[in-house]
Amino acid sequence: MSDATDGTATSDADGDGVTNVAIACQGGGSHTAFTAGVLQEILAWWDDAEYELVGISGTSGGAFNALATWFGLVTGDAEKAIRTLDALWEDLAADGWQDRTLNAWLTTYARLESSGVALPQVSPYQLPDSWGQRHIARILERHIDFETIPDLCGTDAPELVVGTVNVNAGEFETFTNEDVTTEAVLASAAVPNLFRAVEINGHLHWDGLFSQNPPIDDLMHVPPERKPDELWVIQINPQQSAGEPTTLEEIADRRNELSGNISLNQEVKFIERVNDWIDEGYLPADQFTHTDIHRIQMDQRFDSTTKVDRDRAFIEELLATGRESATAFLDGR
C-alpha cells in the first residue's frame, strides 16, 4: 500500500499505455474542502494520454466533491470540473451575517458538547423545518443539473457512486450513475443529530459515515476493461495517532477518526487480499485485475468539532492544504 508520498510506478493492465484510475472521497463534513483542493490539483495535472478516470465515489461531503468533479468532466473538461468545485465551496462557506452567526453557534455548541458540558439535546424533528437540507439542496442544484445525469451516464463516463445507509434495513446502500439524485446526495450527508432522514424508494437513509466511507466496492464491480489499475483514496480521518488520548476532547476526536476509517480499511484490506491471490496464482490474471492502492491523506490534524465549521477562512485553509497534499502525491509519481 502507498501513502501520499509514495512514488510507485503506475500499472497498465490493458497494455495500451493508459492507466485506469478510480478515486474514492472519504466523508467528513467541512473537512472535505481538503478533498476539493486535492481534486483540483489532480485535475490540473491530469493527462488523458496517460490516465483514464473510470470511477469516482464519495460519502457525505466527499459525495459533493465526487459529484461536482464527475459532472464538470462529463459536461465539459477538467477546467470546468475545477470551476465547479470552486463555485460549490464558495456557496457552501458561511456567508451573510445570519449564516455566519448560525455557523459560530453550531461550532461553539459542538466544542462544548465534546468537552463534556451538559447541554440541551434537540432532535432535528423538533425543529420547525429542514432549512439546512433545503439550503444544501439549493446549492447543489445551482451547480449540478440532476435531471441530465441519466443521459450523461454512458460507456465512456466514469462510474459515479454515492454512499448512504438504509436506516430501516440496517444495510449499506449506494446510489450509482443515473440513481444519483438530489435526495441521494442529501441522504449521504444526513448526519442524524443535525438533519432528518431522507426517504428514497420507501426507505429512510442517513449519513453515509455510517456506511462505506467512502464506497469502494462499487468502483471494482465494473466491466473488465473499466476496472481500475489504481485506486486513489482521499482520506480525511488520520490513520495513525501518537500517544494516548486522555481529555474528553482528545477521546472524542480519536473515536470520530477511528469510526470514520473502519469501513475504508476493511474494503482496502479485501482489495489487498485479492491482489495477493492474483500474485500467488490463485485467481486468473485475465479475469481479475491487480489494483494498486494509494492514499492521499490530510496530514494536518483538526479536532472533530470543526467538521461543522463553514467559516470561509477555514474552508480556504483546507482547500490550500488539499492542493499541497496532492502536489506532494503527484510529485512522487
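## Two packed helices

The axes of helix α1 (residues 33–45) and helix α3 (residues 78–92) come within 9 Å and cross at roughly 160 degrees. That angle makes α1 roughly antiparallel to α3 (over 145 degrees between N-to-C directions). Helices here are DSSP runs of H or I with at least four residues, numbered from the N terminus.

On the α1 side, the contact (heavy atoms within 4.5 Å) is made by A33, A36, L39, Q40, L43 and A44, and on the α3 side by A78, A81, I82, L85, D86 and W89. These residues divide into ten nonpolar, one polar and one charged.

## Basis of the model

This is a predicted model, in which local features need pLDDT of at least 70 and side-chain atom pairs count only at pLDDT 80 or more, while totals for chains, interfaces and linings use all residues. Residues are numbered from 1 along each chain as its sequence is written, and side-chain values use heavy atoms, with hydrogens and water left out.

## Aromatic pairs

Rings of Phe, Tyr and Trp (its six-membered ring) pair if their centres lie within 6.5 Å; planes under 30 degrees apart are stacked, over 60 edge-to-face and the rest tilted. The count comes to eight aromatic pairs. W45 and Y51 have ring centres 5.1 Å apart and planes at 45 degrees, so this pair is tilted. Y51 is buried, with a relative accessible area of 6%, and W45 is partly exposed at 30% (buried is under 20%, exposed over 50%, partly exposed in between; 1.4 Å probe, protein chains only). Ring pairs link W45, W46, Y51, W232 and F329 into a cluster.

Definitions and conventions
Axes are lines fitted to C-alpha atoms, for helices over the stretch in contact, and angles run from 0 to 180 degrees between N-to-C directions. Angles under 35 degrees count as roughly parallel, over 145 as roughly antiparallel, 65 to 115 as roughly perpendicular and the rest as oblique. Ala, Val, Leu, Ile, Met, Phe, Trp, Tyr, Cys and Pro count as nonpolar, Asp, Glu, Lys and Arg as charged, and the others, Gly among them, as polar.
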